[in-house]
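This report walks through selected features of one model, beginning with a single helix and widening from there. The sequence and structure are shown first.

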Amino acid sequence: MIKKPMQLNTPSRNSITVSMMRITKEMPPIIRKPDPLLVKAARGEPVSRPPAWMMRQAGRYMAIYRKLAEKYPSFRERSETTDLIVEISLQPWEAFRPDGVIIFSDILTPLPAFGVPFDIEDIRGPVIQSPITSEEGLKSLHPIDLEKLSFVRESLQILRNEVGNHAAVLGFVGAPWTIATYIVEGGTTRTYTSIKKMCHTAPHVLRALLSHLTQAISEYIVFQVESGAHCIQIFDSWGGQLTPEMWEKWSKPYIEEIVRLTRSKCPEIPLVLYINGNGGLLERMKGTGVDVIGLDWTVDMADGRKRLGSGISVQGNVDPACLFSPLPALTEEIQRVVRCAGPQGHILNLGHGVLVGTPEEAVKHFFDVARTLKYDTPQNQAVEEPNLVA
């Protein structure tokens, strides 16, 4: 006897549609969390006060960091171990509550992931045993293997969870020219003679190296964003060692390409560009397409604003040495910088990293003062609230 096929009691398409409509109506609306203050300022959106953070805000000036460094003396261990990265990155957050928490890392961290091993020695600093100065040297390069940077991904994820949207989690990279100086010179240098000579004697090799770095750095930026970074700073630390004409040729095009590639994948992520000694490069820096230009302390903030115009945000630029001054003098300088920067599109920072030996009390004061500043919109200026600690 042939059995009839079992009749399944399946709902009709109409009943499924009705059920889904009911579920949709009963579900609470998805509420997007507001962006951190720093992200808004980077985009030039209205904010109540200038957000503040410091380059090198985690580091040797903090007693708690020095104590940890005694236990873990290797810089690479501290900057390539997830638990230590997170602990160090959060030290200034827990002590001072800045508006940005930058991952504790180094611009050279991704080098081994694309074929450039390096060491860090106590006296010499970064050392690359096999500098790349020829076509043969280029053969050691390969596409970036982001799995070798899993500690960066894990650290950013944890930091994003720890600070939530109370502060922006910041990632960073080195610009191709700056990274290339280490790879060609074999480490740090004061003269940059080898790479500058290479611009003329082996330009095809240098272009190939810079192009490879551009692709790797772009992928590394997207990797950091997807891991939780709200914002990325590009350090062209040694771009200021070039003449403006040479920077236009050997650095700017590669930064422009990084911006283009990043925008294609992460269009809403603000990008900051910082160059040490950038007074002669401001207008050219603006042409890269980044959202924020970091000014070093040798540039007058009012002059920098005038030269860059209102269509781009700025970051900076208190002299790091001011943190060694009496606190009332530090207060006055912070207020001057904020006043000159104007009421929109300004991230308060130093004009360079925190110096070793900086009093922690001064760093705390910097952030305390920053939180008291409020934009007086009708008069387009930053004013001090009553009872400012001085």
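## An enclosed helix

In this predicted model, helix α8, spanning residues 176-185, is largely enclosed by the rest of the structure, because 10 of its 10 residues are buried. Those buried positions are P176, W177, T178, I179, A180, T181, Y182, I183, V184 and E185, where buried stands for a relative accessible area under 20%. Just after α8 comes G186, whose phi is positive, at about 85°.

## Annotated segments

The UniProt record, an unreviewed entry, lists residues 51-60 and 170-186 for "domain: Uroporphyrinogen decarboxylase (URO-D)". Over residues 170-186 the chain is 59% helix and 29% strand, with the C-alpha atoms at the two ends 28 Å apart. Residues 51-60, by contrast, have 0% helix and 0% strand, and there the end C-alpha atoms lie 23 Å apart.

## Packing of α10 and α12

Two packed helices are described by the angle between their axes and the distance between the axes. For helix α10 (residues 203-227) and helix α12 (residues 252-265), the axes come within 9 Å and cross at roughly 30°. With angles under 35 degrees counting as roughly parallel, α10 and α12 are therefore roughly parallel to each other, and the crossing of α10 past α12 is right-handed.

On the α10 side, the residues that meet α12 are R207, L210, S211, T214, Q215, I217, S218, I221 and V222, and their counterparts in α12 are Y254, E257, I258, L261, T262 and K265. Sorted by class, this contact of α10 with α12 comprises 7 nonpolar, 5 polar and 3 charged residues.

K249 has its place in helix α11, which covers residues 244-250. With a relative accessible area of 48%, K249 is partly exposed. The C-alpha atoms of K249 and C199 are separated by 9.8 Å, although the two residues are 50 residues apart along the chain.

## The chain as a whole

The protein chain has 16 helices and 11 strands, and buried residues make up 51% of its 390 residues. Among contacts with a separation of 6 or more, 72% are accounted for by residues 24 or more positions apart.

Key. Residues are numbered from 1 along each chain as its sequence is written. This is a predicted model: local features need pLDDT of at least 70, side-chain atom pairs count only at pLDDT 80 or more; totals for chains, interfaces and linings use all residues. Side-chain values use heavy atoms; hydrogens and water are left out. Axes are lines fitted to C-alpha atoms, for helices over the stretch in contact, and angles run from 0 to 180 degrees between N-to-C directions. Helices (H or I, at least four residues) and strands (E, at least two) are DSSP runs, numbered from the N terminus. Angles under 35 degrees count as roughly parallel, over 145 as roughly antiparallel, 65 to 115 as roughly perpendicular and the rest as oblique. A crossing is left-handed if the near helix is turned anticlockwise from the far one by less than a right angle, and right-handed if clockwise. Contact means heavy atoms within 4.5 Å. Ala, Val, Leu, Ile, Met, Phe, Trp, Tyr, Cys and Pro count as nonpolar, Asp, Glu, Lys and Arg as charged, and the others, Gly among them, as polar. UniProt positions are given in the numbering used here, feature names are shortened, and annotations may be inferred rather than shown by experiment. Buried means under 20% relative accessible area, exposed over 50%, partly exposed in between (1.4 Å probe, protein chains only).
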